[in-house]
Structures are given as C-alpha cells and as structure tokens.
Amino acid sequence: MTGRPPILQLRNLTKVFGTFTAVNDVNLDIEEGEFFTIVGPSGSGKTTLLRMLTGMEFATSGDILLRGTRINDLPANKRPTCMVFQSLALFPHRTVGQNIEFSLKIKGIDPATRKRRALELMRQLRLPEDYYGKNVTKCSGGERQRVALARALAYEPDILFFDEPLSAIDYKLRKTLEKELKDIHRETGKTFIYITHSLEEAMVMSDRIGVMRAGRLVQVGSPQEIYSAPQTKFVSEFIGDVNVIAVTANGAGGVHAAEFGVSFKAPPAPAGFSAGHLVVRPESLRFVAGRSEAENVLEGRVYNEYALGSRIQYQVRVGEHVFIVEKLRQQAFGGHRDDAVLIGWDASDSILVTD
Amino acid sequence: MNSSADRMRRALIWAWTAAVIVFMYLPALGLVLASSTSSRYFIFPITKWGFDWWQKTFASLEIHQLFRTSLLIAACVTVIAVVIALFGALAFARYDWKGRSIYQKIVLLPIFFPQSVLGLALLLWFNALGFTMSWQTAVFAHLVWIIPVCTLVISIQVYSFDPALEEAAFDLGATKWQVFREVTLPVLFPGIFSGALFAFLLSWGNFPLSLYTTGADTTLPEYLYAKMIAGYTPGVPVLGTVSTLGAAVLLLLGYFIIVVLRRRRSAGSDEAA
C-alpha cells in the first residue's frame with residue numbers, strides 16, 4: 001500500500017455479550033484507501049466487529065483508533081464513517097434523490113446544492129438522471145445497490161463499511177456488482193471495509209482479507225496468500241472443497257498419515273510443527289499410471305463423478321477416506337465408477353496447516 | 001360436468017353474498033326507512049313518508065350538544081390513544097427486552113374485559129378517588145379500552161418495520177429525534193393513521209363505557225338508548241342514521257387518504273428539492 005499511517009487501528013478489540021465473547025482480542029491495521037474484507041461463517045463475530053467499527057455497538061475492551069484518535073465511545077452519527085446495510089435500508093417513503101440527499105439534508109445543506117450533489121453521484125454510479133424522482137421501492141436490485149452506495153458516498157465518509165450487501169442477490173448480478181464495487185473503490189480512492197461469508201466474493205474484490213473464526217481474526221493476508229498459504233485447516237477449508245489428511249511430523253522432513261499407514265513427502269513444515277493436516281486442492285490431485293509419476297501416491301476406487309460446468313469432479317475412495325479430484329472438462333479422465341485408480345500429488349502441491 | 005359444478009359454485013357464491021348483504025346491511029337500511037316517516041311511531045309499511053323528523057332533529061339544540069360532546073370525547077381519545085399506542089406499539093413490536101411478553105399481555109388484556117364490567121369498575125374507582133363523572137372521565141374510560149386496540153393496530157405496521165432503517169439514518173448523521181421524525185414516523189404513518197381511525201370510531205360508537213362514566217354529560221349512543229327505552233320518536237332512527245353515516249363517511253375518507261398516499265408514494269412524487 002502507501003507509506004501513510006493506517007487509517008484504522010484495532011487494538012485488542014473485544015466484545016462480550018453476557019457470557020458469550022463475540023469478538024475476541026482483535027488486532028488489525030487498515031491502510032488508507034484499502035479494500036479490506038472480513039470473511040467468516042455466520043456466528044464468527046464479523047457482524048459484531050463491524051457494528052463496533054460503525055459505532056452501533058460499543059467495545060467491551062480494547063481500542064478503535066481512527067487516524068490515531070480513539071473513537072470507541074463515539075456513536076454512529078458522530079463518526080465520519082458510513083455503512084451500506086445488508087438489507088440496504090433504503091427509506092421506502094422517499095425517492096431515489098431524497099435517499100441520496102438524506103445526510104445532506106440532516107447537515108442543513110440547501111436543496112439546490114443537495115440536488116446537484118445527488119445528480120453527480122447518480123452519474124458516477126451510472127444511475128439514469130430521471131431516477132431522481134423515482135420511488136426507491138420501484139428500483140431493481142442492482143439499482144437499489146447503487147442508490148444505497150450513493151447515499152453512503154454523499155455522507156463523504158472516511159471509511160465505507162459494507163455488511164454483506166450482495167448476499168441476497170442472484171449469482172449473475174452479484175458477479176457484475178462485485179466488479180462494479182471494485183471499480184468504484186478505485187474511482188473514489190476511499191477505504192472500503194467489507195464483510196461477507198463468501199471467500200469467493202472476498203477474493204474478487206479485496207486488497208487484503210481477514211478470516212474470522214469464533215470471534216478471532218485467524219489469518220490476514222492478500223487473496224493470493226489466503227488461497228495458497230492458509231495457516232490453519234479452517235482457513236483452507238473455508239476456500240472450498242479441499243482434501244485434508246490428518247498427519248504428524250515423522251522426524252525425517254515428511255509427515256506420517258496414521259489413517260493410511262504411510263508417510264508422505266510434504267512441504268517444509270512451520271517451526272515447531274508436530275501434528276496437523278496436509279491439504280491438497282482437488283485440482284492439484286491427478287490420476288497417475290504408476291507410483292513413480294508423483295511423489296505421493298494412493299490407491300483407491302472411483303466412487304462417483306459430477307459435471308461442474310467447465311470442470312469435472314471425481315470422488316475417489318481410499319479406504320473410508322473420500323478424495324476429491326477436479327479436472328478441466330478437456331482433460332477429463334476416462335475412468336468410470338468403481339475403477340481402481342492411483343491418485344497422486346507432489347509435495348510442492350500440498351500445504352501443511354495446523355488445527 | 002365441469003360446467004354444472006361451475007354453475008353450482010357460482011350460485012352458492014351469489015347466495016352467500018346476498019345473505020351477507022341482507023343480514024348485515026339491510027338492518028341499517030331499515031333505520032333509514034324508520035327515520036323517513038312523518039308519523040309518530042314506526043309502522044310498516046310506511047303510510048306517510050316525509051323528512052319532518054330530520055328537520056326537527058337538526059334544529060334541536062339538545063342534539064347539537066350531543067354531537068359536540070361525542071365529538072369532543074372521540075377527538076380527545078383519538079389524540080391521546082394514538083400517542084400512547086404508538087410508543088406502546090414500538091415497545092411492543094420493535095424492541096426486544098426482558099419482560100416484553102408479559103408487557104404485551106398486560107397491554108392487550110383490557111380488550112377482553114366485558115365493557116359493561118369495565119365501565120362499572122371505572123365508575124367505582126373514580127368515585128373512590130373523588131372525581132365527578134363528566135366527559136373527561138369518559139375520555140379516560142374510553143382510553144382504557146381503546147388504547148389496547150389502537151396499540152394492536154399500530155403494532156401490525158411496526159412488526160414490518162426494518163430496524164436497519166433507523167440505524168441507517170443514525171449512521172448518516174441524524175440525531176435520535178431526527179431519526180424519529182424523518183424515518184420512524186413517516187414509515188409508520190399508514191399504521192398510525194389506521195390506529196387513529198379505529199380510535200375515533202370506537203369512541204364515537206361506544207355505549208357501555210360512556211353509560212357509566214359520562215355523569216351529567218350525554219353522548220349520542222347514550223341518548224339513543226335513553227330514547228329507545230323511554231320516549232321513542234322517529235328522531236331516534238334519524239340520529240342513528242346520521243351517526244352511522246358520519247362514521248361511514250369518515251371511514252371512506254380515511255380509505256381514500258390511504259389510497260392517495262400509497263399511490264403518491266409508489267409513483268414517486270417530485271416533492272423533493
């Protein structure tokens with residue numbers, strides 16, 4: 001990023017509800033102009049974390065620093081940040097224009113200036129000008145997204161928060177809006193903090209991703225780092241279907257899998273690694289003709305195959321363990337159900353993770 | 001086969017509709033008939049048609065006073081009930097708090113009291129406190145029964161209210177009061193309006209509570225009752241008709257306002273800027 005100091009710093013941020021710790025000791029620096037996404041399953045505390053950042057919930061302990069100033073106790077309406085809600089929360093009794101102008105009206109800005117600013121934002125977000133007087137409830141899903149974003153941008157926030165605004169939208173439109181959001185991030189240069197349960201969504205848009213689990217931030221990194229170097233089994237599984245084998249260090253630079261009674265060649269283990277999991281992505285597994293064709297080879301049977309559009313997925317049973325192998329359609333493996341096969345991978349295609 | 005079943009079904013629907021109209025609306029029409037006679041008593045078939053009693057009724061000072069009292073009570077009840085019921089409904093349906101379910105039950109319970117018992121109980125209570133019965137005590141009595149109804153009506157709107165709307169307004173820099181004025185109130189307005197309509201009409205037509213608690217003041221329903229048991233004239237159905245028509249007009253007007261409001265909203269007015 002830039003050499004500027006971070007815009008937002010979280011220090012040991014914790015939120016406790018009764019006996020339940022929703023957010024547990026989160027530390028994070030967010031750079032000016034960054035698109036940062038917090039990903040986690042439902043109940044991981046990501047929404048609570050976001051609500052503390054926006055000022056709708058207050059921290060039990062720890063600090064939130066905005067450009068070095070502690071803002072813990074500042075309520076939402078006093079913070080120079082703004083959020084796009086999951087439900088969008090557009091005011092149903094107001095027109096598109098009135099929605100966008102809401103914060104300007106609150107600030108007491110005159111109607112002419114308000115309208116000029118609203119039309120400016122509508123142009124920027126590719127909303128037709130004649131939508132200014134249109135009722136928001138008459139707008140389509142994509143248009144409503146843009147109105148919500150325009151309304152938030154009109155507030156001129158230092159940081160823009162997003163609470164899964166795309167989760168209720170169908171796949172195709174979501175893909176379009178994800179890209180649009182990234183473009184808008186680029187155009188405005190503002191800091192975006194986005195939360196979602198979809199790592200796929202996070203991958204498309206973010207500069208950096210933070211993965212949350214049970215109130216803790218378990219890994220922070222670029223999409224590439226999260227994808228290729230997950231540190232825990234949780235993060236590796238969160239990305240999608242992966243093959244996970246429980247292993248222990250065998251002292252000879254490899255790992256031992258008790259389940260199969262064999263040792264595998266593995267990538268260099270993290271310092272102090274004694275037990276964990278070997279992760280192999282479905283696309284890294286291949287069908288081999290002989291044991292010499294890959295560094296690690298297992299023998300199994302094809303259990304089933306699924307056509308996934310451009311790819312074909314095979315389930316291969318090795319004892320009780322089901323491995324997932326994915327091939328591009330053009331490289332489809334000619335085998336059939338119940339065929340005995342050898343599947344293999346090289347140490348460099350696998351990842352060692354802890355629990 | 002099919003068409004005969006179809007005919008049968010259509011015949012049943014018509015019969016049902018006719019029965020509903022005959023049993024529910026014909027009696028009201030009978031009232032109009034009874035008021036349109038020139039004779040002293042109601043005899044059917046009517047021999048002497050005329051609107052003498054309408055003239056007499058409208059000219060009567062006593063009747064004017066009745067209307068004033070009924071209107072005054074209904075107006076006071078409407079205003080107070082709507083304010084209390086709105087906040088009651090918000091506590092009832094919008095916020096989750098400890099004791100909410102017991103609060104809901106306590107608030108709604110008065111709906112199920114027999115009104116004559118409630119009226120008597122309030123009369124005893126007012127007496128014990130040393131109040132003189134008047135239209136003011138009647139307002140209070142009406143409120144005891146009408147606020148729960150009004151709360152229920154408004155809470156239907158509140159249940160469908162997205163709390164994120166308030167948060168969004170707050171997040172955009174509005175103060176709590178601005179949030180209420182700019183978002184909560186206008187979004188809930190259709191419900192508040194229906195609540196007000198209910199409050200007014202229930203108070204306007206209320207008899208059992210008024211009977212016990214108005215003291216020397218008299219409302220329309222009370223007067224109608226008194227005249228029915230002693231001193232019937234065709235002025236009674238005249239008053240009944242006027243009172244019913246007034247309520248009907250108010251209801252239609254309310255419906256009209258709601259329709260216009262909804263249309264203006266969905267059309268997207270250009271009252272902005």
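## Helices H3 and H6 of chain B

The crossing of H3(B) and H6(B) is right-handed (left-handed if the near helix is turned anticlockwise from the far one by less than a right angle, right-handed if clockwise). This is a predicted model, where local features need pLDDT of at least 70 and side-chain atom pairs count only at pLDDT 80 or more, while totals for chains, interfaces and linings use all residues. Residues are numbered from 1 along each chain as its sequence is written, with chains lettered from A and ligands numbered from 1 in the order in which they are written.

H3(B) covers residues 61–94, and its axis comes within 6 Å of that of H6(B). The two axes cross at roughly 40°. Axes here are lines fitted to C-alpha atoms, for helices over the stretch in contact, and angles run from 0 to 180 degrees between N-to-C directions. H3(B) and H6(B) are therefore oblique to each other. Angles under 35 degrees count as roughly parallel, over 145 as roughly antiparallel, 65 to 115 as roughly perpendicular and the rest as oblique. Their contact has 24 nonpolar, five polar and one charged residues. Ala, Val, Leu, Ile, Met, Phe, Trp, Tyr, Cys and Pro count as nonpolar, Asp, Glu, Lys and Arg as charged, and the others, Gly among them, as polar.

## Helices H5 and H6 of chain B

H6(B), residues 135–159, also packs with H5(B), residues 115–129. Here the angle is about 135° and the axes are 11 Å apart. H5(B) and H6(B) are therefore oblique. Their crossing is right-handed.

H5(B) brings Gln115(B), Leu118(B), Gly119(B), Leu122(B) and Phe126(B) to the contact. H6(B) brings Thr137(B), Ala141(B), Val144(B) and Trp145(B). Two residues are in contact if their C-beta atoms, placed from the backbone, lie within 7 Å. By class, this contact holds six nonpolar, three polar and no charged residues.

## Chain B as a whole

Chain B has 11 helices and zero strands. Helices (H or I, at least four residues) and strands (E, at least two) are DSSP runs, numbered from the N terminus. The radius of gyration of chain B is 23 Å, well over the 19 Å that the globule rule gives for 273 residues, so chain B is more spread out than a compact globule. That radius is taken over C-alpha atoms, and the rule is 2.2 Å times the number of residues to the power 0.38. Along the principal axes, the C-alpha atoms of chain B fill a box of roughly 75 × 75 × 45 Å.

## Chain A: domains and a helix pair

Chain A is assigned domain 1 (8–228) and domain 2 (241–353). The bounds come from an automatic or database domain assignment. The C-alpha centres of the two domains lie 40 Å apart.

The axes of H3(A) and H4(A), the latter residues 141–154, come within 10 Å and cross at roughly 130°. That makes H3(A) oblique to H4(A). The crossing is right-handed. Arg117(A), Ala118(A), Leu121(A) and Met122(A) of H3(A) meet Ala150(A), Leu153(A) and Ala154(A) of H4(A). The contact counts six nonpolar, no polar and one charged residues.

## Where the chains meet

27 residues of chain A are in contact with 24 residues of chain B. On chain A, strand S6 (81–84), helix H2 (96–106) and helix H3 (111–124) each supply at least two residues of the touching side. The largest share, five residues, comes from H2(A). This side of chain A divides into 12 nonpolar, 11 polar and four charged residues.
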